[in-house]
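Welcome, and thanks for taking a look at this chain with us. Below is a short briefing, grouped by topic, to read alongside the model.

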Amino acid sequence: DPEVRRWKGYRDELAMRVHDIIKPAPWQPETFSHAGAAGIRFAGLLVLADWIASNECIYHYLDFPCGYNDNDYWEAAQREASLAVAQLGFCPVFIEEYAGKPIFTNIWPACKTLRPSQAALEDVLCKDPPLPGLAIIEAPMGEGKTEAAIYLAEYWRQQSGKSGAYIALPTGATSNQMHSRYTKFLQAYRPGSKPRLVHGMAWLIDDDTRRCRRRSWEAQAGKSSGFLRH
């Protein structure tokens with residue numbers, strides 16, 4: 001099929017130009033025992049990178065030099081990527097670690113008297129801590145399950161050397177409420193960090209998302225009147 005051959009030629013040429021600019025170093029893993037796990041991680045990274053790079057309100061690729069110098073374009077792309085990643089909150093944040101046993105009040109200093117479920121969880125982590133995995137916390141309403149879950153997540157985060165957490169809830173309304181609570185937690189426990197709200201209507205609630213959207217509106221207004229603001 002001529003169309004297939006032509007598309008393959010374009011694809012191969014683009015791949016070679018990208019390779020010539022980036023000049024990746026040869027790499028071969030010493031061990032590779034789980035192709036499925038590697039594939040899932042790579043797919044997640046690829047989807048996230050594509051989402052960022054195709055969103056012109058976050059990643060301003062329309063402002064890049066559009067000449068024939070690939071190196072100039074690559075340098076502009078790297079600068080813009082650094083800004084986009086920082087704006088989205090993906091930059092590493094220094095996190096103070098606690099030595100010794102995982103005490104509940106290290107995470108929640110205001111909880112002077114632990115609820116039964118919280119005390120039971122602390123006892124488990126101090127005596128025979130489980131490896132990171134799936135945990136189900138069952139307790140009545142108002143028992144402090146959210147605080148217990150964040151306490152466990154922080155402990156597992158330290159065990160695995162990670163720097164963040166993803167908190168999923170069933171609706172936008174409950175996500176908005178949790179976003180407010182988790183923001184207050186981070187302000188007290190990890191100054192300088194802040195959570196991002198990522199559901200479909202987050203731009204109505206989250207200040208950072210609202211600023212991104214406002215810049216997009218301003219850019220569109222500038223284009224319609226014959227100029228683009230920088």
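A nonpolar surface patch of about 340 Å² is formed by L14, V18, I22 and W74. This is a predicted model, in which local features need pLDDT of at least 70 and side-chain atom pairs count only at pLDDT 80 or more, while totals for chains, interfaces and linings use all residues. Residues are numbered from 1 along each chain as its sequence is written, and side-chain values use heavy atoms, with hydrogens and water left out.

**The nonpolar patch**

- Patches are built from residues with over 30% relative accessible area and no salt bridge, with like charges joined within 9 Å and nonpolar side chains (Val, Leu, Ile, Met, Phe, Trp, Tyr) within 5 Å.
- Helix α1 (residues 2-22) gives the largest share of the nonpolar patch, 3 residues.
- W74 lies in helix α3 (residues 70-87), and its relative accessible area of 30% makes W74 partly exposed.
- For burial, the cut-offs are under 20% relative accessible area for buried and over 50% for exposed, with partly exposed in between (1.4 Å probe, protein chains only).

**The chain as a whole**

- The chain holds 8 helices and 0 strands, and from the N terminus its elements run α-α-α-α-α-α-α-α.
- Helices (H or I, at least four residues) and strands (E, at least two) are DSSP runs, numbered from the N terminus.
- Of the 230 residues in the chain, 23% are buried.
- Among contacts (heavy atoms within 4.5 Å) between residues at least 6 apart in sequence, 54% join residues at least 24 apart.

**Helix α6 and its surroundings**

- Helix α6 (residues 145-160) has 16 residues and spans 22 Å from its first C-alpha to its last, close to the 22 Å expected at 1.5 Å a residue; the expected span is 1.5 Å times one less than the number of residues.
- The buried residues of α6 are E147, A148, I150, Y151, L152, E154, Y155, W156 and R157.
- Cover for these buried residues includes α4 (104-107), α5 (116-127) and α7.
- Just after α6, G161 takes a positive phi of about 75°.

**Salt bridges**

- A search of the whole structure finds 6 salt bridges, each being a side-chain nitrogen of Lys or Arg within 4 Å of a carboxyl oxygen of Asp or Glu.
- What ties E147 to R181? The two form a salt bridge, with the closest N and O atoms 2.8 Å apart. E147 lies in helix α6 and R181 in helix α7, so this pair ties together parts that are 34 residues apart in sequence.
- E147 counts as buried at 17% relative accessibility, whereas R181 is partly exposed at 36%.
- R157 and E154 are 3 residues apart, or about one helical turn, and both are buried.
- In helix α5, K127 and D123 are 4 residues apart, about one turn of the helix, and they form a salt bridge whose closest N and O atoms are 3.2 Å apart.
- K127 is exposed, with a relative accessible area of 65%, while D123 is partly exposed at 36%.
- An α-helix has 3.6 residues a turn, so residues three or four places apart point the same way.

**S175 in helix α7**

- S175 is found in helix α7 (residues 172-189) and is buried, with a relative accessible area of 14%.
- The S175 side chain reaches the backbone oxygen of T171 at 2.9 Å.
- Setting aside neighbours within four places in sequence, S175 is in contact with L169, L197 and H199.

**A positive phi at K23**

- Where is K23? K23 sits in the loop between α1 and α2 (35-53).
- K23 has a positive phi of about 50° although it is not a glycine.
- Most residues other than glycine have a negative phi.
- K23 is exposed, with a relative accessible area of 59%.

Note on methods
Accessible areas come from the Shrake-Rupley method with a 1.4 Å probe; for residues, only the protein chains shown count as cover. A polar contact is a pair of N or O atoms within 3.5 Å; within protein, one must be able to donate a hydrogen and the other to accept it, and residues adjacent in sequence count only if both atoms are side-chain atoms.
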